[in-house]
Amino acid sequence: MRNEEIYKELVAICGEKNVLRDEPLKDHTLVKIGGKADFLVMPETYEAVAQVIRLKEAHQLPFTLLGNGSNVIVLDGGIRGIVMQFKHLAGLRVEGNQLIAQGGANIKDASRLACENSLTGLEFACGIPGSIGGAMVMNAGAYGGEVKDVIDHVKVVTQQGELRTLKKEELELGYRTSIISKNKDIVLEAAFALEAGDQAAIKEKMADLTFQRESKQPLEYPSVGSVFKRPPGYFAGKLIQDSGLQGKGVGGAEVSTKHAGFIINKNNATAADYIATIEMVRKKVKETFGVELELEAKIVGEEVK
């Protein structure tokens, strides 16, 4: 199937304004890194998402779900085929003690809406920069809370283009993992079961967590967020700090001097700079402590040819 035919099919499903060709993905990732997507599509309905999936399956087209571009490194050669982003599927609403969030919504915005409605349970997410979809895929957590503590059910599109609802017990939520990740399902919507709480107490807790985050994390620079998973029995940031790596890096990428668990895009870094810095960190920590750091951030796309 030629690119012109793919483009026409995508426009028929999503509308011309929602299909971008040769789109620079550095404009769509939080770390501000990445080459071009052949096609960036932004569906407006769940059925449009399913139709795009069925199209890529029928023609065996490469497909990447970008989420809101947090926790992902797009290589400098960009991404072939179809890249999907949920800019138009980012709604939030409250129904009783449930908060319903579409896959493209930011989980920190869901946390704020819960607070506005005096609902407790999502305070831990007030500083997480990821989307609801990404949070579900990796069972996001912070400050002692996790998605699995409050999720009720999730609506997904399977890789066959089928719409399904998964209950909590079907999600297999563990440390940074889920059945959604294993099956490569696409999260359309998540329902969180929260509890009525005291709004002043909820605000106070969120303010405290926000202060902790802002005082310790290098939010003034683009980054993917936490680069590495927590190794059993250790903290990745402490291992990196104790390896003397803060302030070091390759090209425009640098291990943050504020929080060693973050690699920042300090000066127009390329993906090659960023990944070389990651490898430098992994090698040094392995040599110093014998600990193998595992990536939490995802790497997608192709190298420059």
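## Exercises on helices, cores and backbone angles

In α2, the buried residues are A48, V49, A50, V52, I53, L55 and K56. Here buried means under 20% relative accessible area, exposed over 50%, and partly exposed in between, with a 1.4 Å probe and protein chains only. The model is predicted: local features need pLDDT of at least 70, side-chain atom pairs count only at pLDDT 80 or more, and totals for chains, interfaces and linings use all residues. Residues are numbered from 1 along each chain as its sequence is written, and side-chain values use heavy atoms, with hydrogens and water left out.

### Exercise on helix length and cover

Task. Compare the span of α2 with its expected value, and state which elements cover its buried residues.

Solution. 
- Helices (H or I, at least four residues) and strands (E, at least two) are DSSP runs, numbered from the N terminus.
- Take the expected span as 1.5 Å times one less than the number of residues.
- Identify the cover, using contact in the sense of heavy atoms within 4.5 Å. The elements over the buried residues of α2 include α1 (3-14), β3 (63-65), β5 (79-84), β11 and β13.
- Inspect the end of the helix: α2 is followed by Q60, which has a positive phi near 50 degrees. Q60 belongs to the loop between α2 and β3 and is exposed, at a relative accessible area of 64%.

### Exercise on the packing of two helices

Task. Describe how α3 and α6 are arranged, and list the residues that make their contact.

Solution. 
- Two packed helices are described by the angle between their axes and the distance between the axes. Axes are lines fitted to C-alpha atoms, for helices over the stretch in contact, and angles run from 0 to 180 degrees between N-to-C directions.
- Read off the geometry: the axes of α3 and α6 (residues 199-216) come within 9 Å and cross at roughly 155 degrees.
- Classify the angle: α3 is therefore roughly antiparallel to α6. The classes are roughly parallel under 35 degrees, roughly antiparallel over 145, roughly perpendicular from 65 to 115, and oblique for the rest.
- Assign the residues: α3 contributes S111, R112, C115 and E116, while α6 contributes Q199, I202, K203 and M206.
- Sort them by class: the contact has three nonpolar, two polar and three charged residues. Ala, Val, Leu, Ile, Met, Phe, Trp, Tyr, Cys and Pro count as nonpolar, Asp, Glu, Lys and Arg as charged, and the others, Gly among them, as polar.
- Check one member: Q199, in helix α6, counts as partly exposed at 27% relative accessibility. Beyond its neighbours within four places in sequence, Q199 is in contact with C115, E116, N117 and S118.
- Extend the view of α3: its buried residues are I107, A110, S111, L113, A114 and C115, and these pack against β6 (92-95), β7, β8 (119-120), α4 and α6.

Task. Locate the largest nonpolar core and its suppliers, then name members of the second core.

Solution. 
- A nonpolar core is a set of buried Ala, Val, Leu, Ile, Met, Phe, Trp, Tyr and Cys residues joined through side-chain atoms within 4.5 Å. The largest has 31 residues, and L122, M136 and F192 have the most contacts inside it.
- Find the suppliers: β7 (98-102), α3 (107-116), α4 (132-137), β11 (151-157), α5 (179-183) and β13 (186-193) each give at least two residues. The largest share, four residues, comes from α3.
- Examine F192: leaving out residues up to four places away in sequence, F192 touches N97, Q98, L99, A101, L122, I132, V147, V150, I151 and D152.
- Turn to the second core: this separate set has 25 residues, including F228, V255, A271 and I275.

### Exercise on positive phi

Task. Where do D22 and N268, both with positive phi, lie?

Solution. 
- Most residues other than glycine have a negative phi, and most peptide bonds are trans.
- D22 is not a glycine, yet its phi is about 50 degrees. D22 is placed in strand β1 (residues 19-24).
- N268, also other than glycine, has a positive phi near 50 degrees. N268 sits in the loop between β17 (262-265) and α8 (271-289) and is exposed, with a relative accessible area of 71%.
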